[in-house]
2 protein chains.
Amino acid sequence: MQQYYLLDPWSIIEKDFDPQHHEISESVFSIGNGYMGQRANFEEKYSGASLQGSYMAGVYYPDKTRVGWWKNGYPEYFAKVLNSTNWVAIDVVIDGQTLDLSTCKVRDFTRELSMKEGILRRSFVAVLDDNKEVRVESVRFVSIVTKEIGAIRYVVTPLNFDATITLTPALNGNVMNRDSNHGEQFWDSVTASNNTKETFITMMTKKLDFYVCSAMQCDIYLDDNFQTLEPEITTLDDSVQKSFTIATQHNQSVTLIKYVANVTSRDHAITELTRVAVQHVNEAKATGFSTLMQEQINAWETKWQDSDIVIEGDIAAQQAIRFAIFQLNQTYTGDDERLNIGPKGFTGEKYGGSTYWDTEAYCLPFYLSTADQKIARNLLIYRYRHLDKARENARKLGYTKGALYPMVTMNGEECHNEWEITFEEIHRNGAIAYAIYNYVNYTGDTSYLGEYGLEVLVEISRFWAQRVSFSQAKQKYVMLGVTGPNEYENNVNNNWYTNRMATWTMAYTIQAIDQVQKENPTRLAQIHAQLSLADEEFKHWKEIIQNMYFPVDEERQVFLQQDGFLDKELIAVKDLPQEDLPLNQHWSWDRILRSCYIKQADVLQGLFFLGDQYDLDTKRRNFDFYEPLTVHESSLSPCVHSILACELGYNETAYKMYLRTARLDLDNYNNDTEDGCHITSMAGTWMSVVYGFGGLRIHDGQLVLNPSVPKEWASLSFTVMFRGARLFVQMKGQNITVKNESSMTTWLKIKEQVCELQGFSTIELA
Amino acid sequence: MQQYYLLDPWSIIEKDFDPQHHEISESVFSIGNGYMGQRANFEEKYSGASLQGSYMAGVYYPDKTRVGWWKNGYPEYFAKVLNSTNWVAIDVVIDGQTLDLSTCKVRDFTRELSMKEGILRRSFVAVLDDNKEVRVESVRFVSIVTKEIGAIRYVVTPLNFDATITLTPALNGNVMNRDSNHGEQFWDSVTASNNTKETFITMMTKKLDFYVCSAMQCDIYLDDNFQTLEPEITTLDDSVQKSFTIATQHNQSVTLIKYVANVTSRDHAITELTRVAVQHVNEAKATGFSTLMQEQINAWETKWQDSDIVIEGDIAAQQAIRFAIFQLNQTYTGDDERLNIGPKGFTGEKYGGSTYWDTEAYCLPFYLSTADQKIARNLLIYRYRHLDKARENARKLGYTKGALYPMVTMNGEECHNEWEITFEEIHRNGAIAYAIYNYVNYTGDTSYLGEYGLEVLVEISRFWAQRVSFSQAKQKYVMLGVTGPNEYENNVNNNWYTNRMATWTMAYTIQAIDQVQKENPTRLAQIHAQLSLADEEFKHWKEIIQNMYFPVDEERQVFLQQDGFLDKELIAVKDLPQEDLPLNQHWSWDRILRSCYIKQADVLQGLFFLGDQYDLDTKRRNFDFYEPLTVHESSLSPCVHSILACELGYNETAYKMYLRTARLDLDNYNNDTEDGCHITSMAGTWMSVVYGFGGLRIHDGQLVLNPSVPKEWASLSFTVMFRGARLFVQMKGQNITVKNESSMTTWLKIKEQVCELQGFSTIELA
């Protein structure tokens, strides 16, 4: 862990260029708009270590699975987020010398991501051969107003010499994925055009036939004067470029504005692609860089109004939580229900940009609280659209009914190929059911059940009903051979969390059926017919609910993570040789498996999800038992512990856990940020602030707040959307102020006290 | 299952050529001599499907591991048995047309492997363009007299035309492994020479620097007349060939004799390789084909005298058991203690030709009974030589003491990379300890303990002592996270077999220490010092032995395969939909894992190994419980069930189980013989005959025989070597005759009756 970037409430700032840190910075300074994402690769040529990454949301590649030993049921491919046409490239040649920060001296380097504005800036002075000094300033953004548009302003100023400068903006489709399983190129070129009127290139994926067309327009200025230059044009199958050469005097600036539009066949007919791309980029050019940039700044201002969190008195925490919010908003906007949230968003190749249970278990609350409810709704509909594939998946694994959602997916099909995860981490099905409850509970939008939710719930319940088996020995239903959220156990029996989420799903499904029956009996009748629902089925579910086996330690009165957990040697993490941590880097897999150490919250995850069903003493006993055994080697773990610790009044532990999640990427805590940022765990960070320190819950349709602001913070403020209301919450020590910024009257429960908060009114409690 | 080959007591015979069956036949008709192995690839060009395979024992390649998701502790490479220089090739061109059985009509095709003689013959008539008919007859063997030598006699006779025939014998180092993980070529060429005096080629592996030099000499005859022809010579970096062109009249035969010597840097200095190879091949040529062949026939006759089994009244069984014995003798001769027995021997690439626990658990008894005891001893010394690597392996996995032998190995290092096998199938350590006991018990050679065995036993016991842990809940020692012999369970706790073999090893080690103390206290003192043995250590072992936990079903009074086994749904295999079998082709892995179905004997394996420690009732209860749940989807399973069934008087089951193992490859029972023959399971077949139907055991230094010859057989006869004696045993129904063919007096226990059998005497019991 290191603090490498400057502390600042609204920006991430890198001073001085360290090539060793460059790939990490490429991740951290990534920009995106939910439609495309761009790592902070330099515009100019860079021969040092760099992970090139230009990603178009939803454009993926089914890379042939790589496996040591094939097992029946493995998927044929692993979907990869695709490194797509490099649209940021601007080669720079000064008096015949190529600008390359890997080979020249660099001073006054600053890279700054303005989270407030959604803009990435960079400036430096490069010292070239013969001591020629040149200042470069670049400004870049991908628009959240017109999602197809990316724009760059690139300014070169020779400082101590008169220069001939050649700037070569390009679109380059000749790109690779670093994580390609078999070293394949994933793209074929389709068309390229490059002339005075238009410059574009269209690439197509070798499988699945995604087309991406990128179009470019450029303007050149000498100081502030627009230049009409005849560029030298190079057109290849898979790249197009224009070279502008211009003579400058020292201290005279050459400015290149590069507008790019990226459009894909996901949104347009293939035959339309070129026209749409060219139209977009021409419009952008007509609007002009300054106006586009101002629109961007305004749009981000609006976003921040809805989702900002202010932490006074702790600038590191302030920066970190804004970084989390910024990245989440960059990654998913909810505009496209076919999209979802990859664990690394569009900041790297890792995890293939695919969808994991992270979305339902960690991300949903953020979008529920900070955006219109249709955003969260679209996250749910994503799974509804995949229901048929989840049914297929269940059939493939031998189930005659029901649906098993995949552990990792791009289009609803399973991508992952470790049996202990692919086939056994079925708790994901529970999280997907829980998200429906979570959404309905938060928004009160019970119509969702009839429209989409109930079908999913029924099919998941059917899966559980088949996945359990009856143990003659125990005279109970058991669930054998699963992997719980704690992936440091594989193929265990009766994982408490999974068993619990299974019965919970069945119970909630029955409740949801009643709800739809009440509100929309016609729709229920439809669903009944369509899914061939039968009363015996519900009876069977109830029978399972009543007779499910849950492992328990009678003596300690804690829920046991799984059968046999007490046979392990229970030695607290703090009593391990500390050089053994993290265990996954020092212990062989079998040693981890037979140890008691917990990668991420498991029983505690259940106690968080189903928090209203367990009293504080139960939570305390389980927390006291499991927390000392948890190594938090998943970035998704500390947030849950932090939230529970807040609830239990373990303020110090809560803060310690929060610190482990808050600056994970900014401080490269896990030494892996070069692969991309941990986007979904940022949602966990957000939860640990709002659900943890803010104590937000929804109970019986009421928003609950139970503040426990860390003593290190002077105040904590955040805005939440709740059932049409917009509430600004400020907490200072034990004081809490809630301002209703909407006209909607809302009932709140603050520190056990129920209050009515009328439109545009404020309440204060001490 | 299909009976494709003709039934014959001494030969495997294929009539008519079926290209679909060719790769299977290439496996079945493999020839070898423990030093090299050769699949039955055609000499002439063949453009149809074929798995080329020329293997040199001990010459392997560390192919870079392929893995989906890397886990800490995985080995970097998987050793591959190397497809080496193709030395059988003889291209044939007749009147300009290349002979290729894939493209011409073939009639009167016969391929015959004479197991009696160790010779492979093939003859056919090919119908070429213009209806030209040509007869081809080839005879091939690899010598068990001079291991470096392979020889081929290849005769071409145009039947209905006068022909110009070109025969091109070659040595071709440009070969691949089909199972190469990353499509790599594994060989570099070193030197090649090709002139009238000598023809050779030397290849070197790209890693580990194994050198293989192959030298060739050829003679040509027209009918019986030796021809002096000037061949056309082609010499490339990686191949050498000589083309002989000769004109024949119809019905006139052209005969090519091809002598090859293959030598490797495993046996000779690199600088000597060429000289040795050329000398060998020149000597072979001087000896002549007929003499070499006669020597081969004589040598095999001697082998058969020691190891033959005669089954009267069941020709299919007779053929099958001889095939097993033949292949075992072809695979391992015990001459080279650096070698071992790969599950597929030298008949294919599968399993990499590496060493598994198969050797100790299944193969050792065959070599103990049919050969000089130094052969079996060398199999044990192989593991002794790997002790340091096994220690390293244990350190790598976090053990401060002791040794963990690898699951799969070529040179003592672990090659396998599935965590559930690599790290968890630690029962292999038990089998390696058991083999020491088995050898000493059979041979009475207790000196082996002091010389080699004890060190291995101590280090394995030390491993077990660390691998167990103390369960506070059970107040017993437990063993968590293992995979037993039944690989259809992974990561289970307290696998009965593994726990049992662990305590057994520790107990036997203590006993072995006493033995060495008695026989050779000086040596024991040495070992004591060398291994820093301490009394507390033995105390700890005894403490574990006394307090080890063994899962038991109290109600049924059976040992439980592992914790929680009774939570499974126990449905007999016969009650499954039969189209679901084999499960590994129809069920996903998780479904298999949580089912009760047993891939191969597990508890029963233990009851076989430690048969003298359990009474018949215990064996019966466990057999009755587990047999109905066993799917025998490992080729190593039915033999153990068959042996126990014999002991329990379950004659029908015993015979049924025997049939599943006996003709596995001949009838391609598992549909995978094209990958190679199941060599190690052939040792199981042998055991099911001699230990099963013959009822052979060694109790207290006495050879025990308890015949239960299947009613389908008129008689069963076999020879066993036992402590210097050579006993010919014949069983007919309840009659048993034992003939001592040596001068050594031996005590026997036949059907519970103890008899003294003096040298060269015979005993008969009814």
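In chain A, helix α5 passes helix α20 in a left-handed crossing (left-handed if the near helix is turned anticlockwise from the far one by less than a right angle, right-handed if clockwise). The model is predicted: local features need pLDDT of at least 70, side-chain atom pairs count only at pLDDT 80 or more, and totals for chains, interfaces and linings use all residues. Residues are numbered from 1 along each chain as its sequence is written, while chains are lettered from A and ligands numbered from 1 in the order in which they are written.

**Confidence.** Chain A has a mean pLDDT of 96, with 100% of its residues at 70 or more. pLDDT is the predictor's confidence in each residue, from 0 to 100. For the complex, the predictor gives an ipTM of 0.92 and a pTM of 0.94.

**Helix pair.** α5(A) spans residues 358-370 and α20(A) spans residues 679-693. Helices are DSSP runs of H or I with at least four residues; strands are runs of E with at least two; both are numbered from the N terminus. The two axes come within 8 Å and cross at roughly 55 degrees. Axes are lines fitted to C-alpha atoms, for helices over the stretch in contact, and angles run from 0 to 180 degrees between N-to-C directions. α5(A) and α20(A) are therefore oblique to each other (under 35 degrees is roughly parallel, over 145 roughly antiparallel, 65 to 115 roughly perpendicular, the rest oblique). On α5(A), the contact includes Tyr362(A) and Phe366(A); on α20(A), it includes Trp686(A) and Met687(A). Contact requires C-beta atoms, placed from the backbone, within 7 Å. The residues of this contact divide into nine nonpolar, three polar and one charged. Ala, Val, Leu, Ile, Met, Phe, Trp, Tyr, Cys and Pro count as nonpolar, Asp, Glu, Lys and Arg as charged, and the others, Gly among them, as polar.

**Sheets.** Two open antiparallel sheets of chain A are tabulated here. Strands pair if DSSP finds at least two bridges between them.

| Strand order (chain A) | Edge strands (residues) |
|---|---|
| β7-β6-β12-β18-β17 | β7 (97-98), β17 (232-235) |
| β20-β27-β28-β29-β32 | β20 (309-312), β32 (762-765) |

In the sheet with edges β20(A) and β32(A), the twist averages 15 degrees from one strand to the next. Four bridges join β20(A) to β27(A). There, Ile309(A) has Phe718(A) as its bridge partner. β12(A) and β18(A) pair over eight bridges. Asn172(A) stands opposite Ser239(A) in β18(A).

**Interface.** 40 residues of chain A contact 40 residues of chain B. α15(A) supplies the largest share of chain A's side, five residues. That side has 12 nonpolar, 16 polar and 12 charged residues.

Technical notes: Contact = placed C-beta atoms within 7 Å.
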